Amino acid sequence: MDDSIRITCGICEDLIPLVEDGIAAEESKKAVLSHIAGCAKCRNKYSNLEEKEITKRDSFLCNEKDDRRILMDIREKISIWLLTGICVSLMAGVLIVITSSSSPWLMVLVFPFVSGFVYLIGGRTWRYVPLIAAVLWIIIALLMGIGNTCSWKTAIWDSVISAVFPLVFSYIGALAAVLLKYAFKGEI
């Protein structure tokens, strides 16, 4: 006795997508496979559907790669803007600190704040802040200190030694941001 269920071409065409997606019942799957074994028209539709599915999967993978590339481009643009913002804010901070009469207090506020803020919004970009702060400090201190000192060596030495402070305060700000983020369990 034949266990296969006889179905019409219309029913087979309706069931083929379900079989392809793997959601058809086992009985329906057997009926479709039995029908396409004897029907060239439905077998052709079944193979065309398989080819379309393969093409659809390939295009999905290509779209996924395109999406990744787009996300990488966005991240790069954000990083560039973030680094630009860091440089501008640090340069303003360095100029304010160097030209102000209450510079030690501003240094304690500016560099930790910028570094901590960048840690909270910029992720790994915070690692550049101490280095950028120190380099900007050296450059601006050299430019402002050359006229005040008698030799280049003294100006360079003074600016390099004084650049340790923004470097240290930037790391302190990042450490404070890490501790805040940990204390609030990343909800900042």
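The model is a predicted one. The chain has 7 helices and 0 strands, so its pattern along the sequence reads α-α-α-α-α-α-α. Of its 188 residues, 29% count as buried.

**Chain as a whole**

- The accessible surface comes to about 13,100 Å², and carbon and sulfur atoms account for 66% of that surface.
- Taking contacts in the chain between residues at least 6 apart in sequence, 66% join residues at least 24 apart.

**Helix 1 and helix 2**

- Helix 1 covers residues 9-21 and helix 2 covers residues 26-38.
- The axes of helix 1 and helix 2 come within 9 Å and cross at roughly 120 degrees.
- Angles of 65 to 115 degrees count as roughly perpendicular and angles over 145 as roughly antiparallel, and helix 1 and helix 2 are therefore oblique to each other.
- The crossing of helix 1 and helix 2 is left-handed.
- On the helix 1 side, the contact is made by Cys-9, Cys-12, Leu-15, Ile-16 and Val-19.
- On the helix 2 side, Ser-28, Lys-29, Val-32, His-35 and Ile-36 take part.
- By class, the residues of this contact of helix 1 with helix 2 divide into 7 nonpolar, 2 polar and 1 charged.

**Lys-30 in helix 2**

- Lys-30 is found in helix 2.
- Lys-30 counts as exposed because its relative accessibility is 56%, and the cut-off for exposed is over 50%.
- Lys-30 and Val-19 are 11 residues apart in sequence, and their C-alpha atoms are 9.4 Å apart in space.

**Leu-90 in helix 3**

- Helix 3 spans residues 40-99, and Leu-90 has its place there.
- Leu-90 has 0% relative accessibility and so counts as buried; the cut-off for buried is under 20%.
- Leaving aside neighbours within four places in sequence, Leu-90 is in contact with Phe-111, Val-114, Val-129, Ile-132, Ala-133 and Leu-136.
- Phe-111, one of these contacts, is 21 residues from Leu-90 along the chain, with 7.3 Å between the two C-alpha atoms.

**Ser-115 in helix 4**

- Ser-115 lies in helix 4, which runs over residues 103-122.
- Ser-115 counts as buried because its relative accessibility is 0%.
- Not counting residues up to four places away in sequence, Ser-115 touches Trp-126, Val-129, Ser-170, Gly-173 and Ala-174.
- Val-129 is among the residues that Ser-115 touches, and Val-129 is also among the contacts of Leu-90.

- Ile-140 is found in helix 5, residues 128-145.
- With a relative accessible area of 9%, Ile-140 is buried.
- Ile-140 touches Met-91, Val-94, Leu-95 and Ile-98, not counting residues up to four places away in sequence.
- Ser-159 is found in helix 6, residues 152-162.
- Ser-159 has 2% relative accessibility and therefore counts as buried.
- Setting aside neighbours within four places in sequence, Ser-159 is in contact with Trp-137, Ile-138, Ala-141 and Leu-142.
- Ile-140 and Ser-159 are 19 residues apart in sequence, and the distance between them, C-alpha to C-alpha, is 8.4 Å.

**Helix 6 and helix 7**

- The axes of helix 6 and helix 7 (residues 164-183) come within 4 Å and cross at roughly 15 degrees.
- That angle makes helix 6 roughly parallel to helix 7, because angles under 35 degrees count as roughly parallel.
- In this contact, Val-160, Ile-161 and Ser-162 of helix 6 meet Val-164, Phe-165 and Pro-166 of helix 7.
- By class, the contact of helix 6 with helix 7 has 5 nonpolar residues, 1 polar residue and no charged residues.

Key: Residues numbered from 1 in each chain as written. Predicted model: local features only at pLDDT ≥ 70, side-chain atom pairs only at ≥ 80, totals over all residues. Heavy atoms only, no water. Axes fitted to C-alpha atoms, helices over the stretch in contact; angles between N-to-C directions. Helix = DSSP H or I, 4+ residues; strand = E, 2+ residues; numbered from the N terminus. Left-handed = near helix turned anticlockwise from the far one by under 90°. Contact = heavy atoms within 4.5 Å. Nonpolar A, V, L, I, M, F, W, Y, C, P; charged D, E, K, R; others polar. Buried < 20%, exposed > 50% of the residue type's maximum accessible area, 1.4 Å probe, protein only. Areas by Shrake-Rupley, 256 points an atom, 1.4 Å probe, with all protein chains shown as cover.
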